[in-house]
Number of protein chains: 2
Amino acid sequence: MDNKIVDVAKRAGVSAATVSRVLNDSSLVSEKTKQKVLKAVEEMDYHPHAAAKQLRSQRTMTIGVIVPDIIVSYFSEIIKGIENAAYARKYKVIICDSDNELEKEMEYLGLLSNRTVDGMILVTPFVSDDIIKDYSQKGYTLGVIGRAIDDEVILSCKTNNVQFSEAAVRHLIEQGHKQIAYIGGFSDSMENYERMEGYLKALKDNRIPFKPGLIDSGHFMESGGYEATLRLFERQEPFTAVFTANDEMALGVYRACRERGVRIPEDLAVVGVDNNRITGYIVPPLSTVEQPKYEMGVCLAEKLIDQLNDLNASEQNKYVIESRLIVRDSSNYLRN
Amino acid sequence: MDNKIVDVAKRAGVSAATVSRVLNDSSLVSEKTKQKVLKAVEEMDYHPHAAAKQLRSQRTMTIGVIVPDIIVSYFSEIIKGIENAAYARKYKVIICDSDNELEKEMEYLGLLSNRTVDGMILVTPFVSDDIIKDYSQKGYTLGVIGRAIDDEVILSCKTNNVQFSEAAVRHLIEQGHKQIAYIGGFSDSMENYERMEGYLKALKDNRIPFKPGLIDSGHFMESGGYEATLRLFERQEPFTAVFTANDEMALGVYRACRERGVRIPEDLAVVGVDNNRITGYIVPPLSTVEQPKYEMGVCLAEKLIDQLNDLNASEQNKYVIESRLIVRDSSNYLRN
DNA sequence: TTGAAAGCGCTAACAA
DNA sequence: TTGTTAGCGCTTTCAA
């Protein structure tokens, strides 16, 4: 198992260069030589040393993915898409779980600088656009999922946040709701801005007054949604429906309602975002928005690898994949 | 950004070797020189080239993890444990999602042979013990989670399947059940054998006859649990409780019961395994077994890295972490 | 179509 | 305490 390319060369009666050519599908090798080499490779169970190859070729065939928390299914599904697309192209994926810490994400970005990875995909709201642009300008290849960056090179794949949020809130309005609360995620993340924008648009189109007292946020977490709901209950402003920027926070809404004896959907209609698997099993099943998580992962991984191989010189760098509203019992209740 | 170690050396007025020493915390460098070097490194934004380092040192500081499906929370939580433990020791983690295909797993095992990773952790039932032993004998470092391998070197971390399964079934018996079905996972996986063993033990200790007609299996998947339940319903053998080898399959039981109008827990008590997050939200909440997934990941990653660094010559190589039963409403109903 | 030789960027043995 | 030198195992000119 510790054979080197020269050992194979010796056994096959050729030079190391020839073995290398065979192994890298060079066309300049005669069929006969090729067979000899392949036979030797087989017999010796030879495996080219990855580091040597990487050093010489200056590419690692590896990409990194930074996520805040791999356990959250939103992220693991994206990762799966990335991994599957990478595998099909002989690329490996290094997983970088930041535990929601910017510092850890910055450290992982260093894998670009020391050439551990050929490219990096960020699925996190913490690293700023400027930092990503900096890396891009230094010549590194990177892409983001879930947001877009104002740049000509950096790849991005996101979903139509504004439209589906508008659709979700419009749906609530059609059910007869006029006081609709919004629980956002991180208040400075692009997802959050856009989902709120959709919320506002739906209100505007239906001439429903915007009430700041109905806006709160919960950091995309169950506990955050729970606390936000309790705060909303404390306030004077009544509301009959709530739109949360993701399903996790909607679970928090459910918990708060259970504790306070608020019935869903009779007293309060709820709509989330993600179509987290859990949402189909809870009672009542949660209306939500199906996001193409796996597909976004595949899309960005493919484009990134293309970019690493100069395969998309003239192509676009921003992709949007559509999400769609799924109405379930948590909001399927016509208000008079 | 394309500086090499000699460039730094030049700037600092020392040799490349000295820079290397400083960067690798060698003690043989004077404080003054060290500061000079560090300053140059800083000013030039120098990052050692990973591949060169790897080639020279013959280690990649990377480990691989093979899982059947990263989306399943059982696996993503283990991965998180591995990743976090690895990060703390400056190791990276390459994720290998096999989509339940043995062939893909075999290919990923090749990352050991070509030295892309220093070690590999398998969290999958598909690769046989013999294959793992083969790799180990070739000198590669690997470990498994969820099963144990009869070997002196290969690391393993699992949980006490027999005991907690016995406890789960005993709990059902204490609730007054005498006809208890068992839905297993892959019929040849060690988890499955051991969980079934616990099931049998509980029956034996309580002189409850074993009925083959109450045994079925569902490949650890929701759909499998659903189908197994339907098959059990078809048979003549009546039963009032079911123990499933994981929570996913219990979800399938729920679905089958909903369709057939079988009430949980009044008509059928259900107990699963995993404490999948979902189980606390469904109705009725599912009794299950809390498995230390994250901890198993941490444990094995730490031991594996220790082994890579010859830090555990005399230590054990098999670890068992305890799981415990969580009784919720799905089985909390005393039968007369 | 093949081989010889140089070198990717780093570390470590040896010498000073 | 520091520098010199020799590779780690591969790919890729260049020459034949």
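How many bridges join strand S8 (residues 241-244) of chain A to S9(A)? There are 3 bridges, and the two strands run parallel. This is a predicted model. The points below cover a sheet in chain A and a group of strands in chain B.

**The sheet in chain A**

- An open sheet is formed by 4 strands of chain A, in the order S7-S6-S8-S9, with parallel pairing.
- Its edge strands, S7 (215-217) and S9 (269-271) of chain A, each pair on one side only.
- From one strand to the next, the twist averages 20°.

**Strand S1 of chain B**

- Strand S1 (residues 62-67) of chain B is largely enclosed by the rest of the structure, because 6 of its 6 residues are buried.
- Both faces of S1(B) are covered: Thr62(B), Gly64(B) and Ile66(B) are buried on one side, and Ile63(B), Val65(B) and Val67(B) on the other.

**Partners of S1(B)**

- S1(B) pairs with strand S2 (residues 92-97) of chain B in the parallel sense over 6 bridges. Lys92(B) in S2(B) is the bridge partner of Thr62(B).
- Together with helix H5 (residues 73-88) of chain B, S1(B) and S2(B) make a right-handed β-α-β unit.
- S1(B) is also joined by 4 bridges to strand S3 (residues 119-122) of chain B, and these strands run parallel. Here Val65(B) stands opposite Ile121(B) of S3(B).

Terms used:
Residues numbered from 1 in each chain as written. Chains lettered and ligands numbered in written order. Predicted model: local features only at pLDDT ≥ 70, side-chain atom pairs only at ≥ 80, totals over all residues. Heavy atoms only, no water. Buried < 20%, exposed > 50% of the residue type's maximum accessible area, 1.4 Å probe, protein only. Pairing = 2+ DSSP bridges. Right-handed = clockwise from strand over helix to strand, strands pointing away. Axes fitted to C-alpha atoms, helices over the stretch in contact; angles between N-to-C directions.
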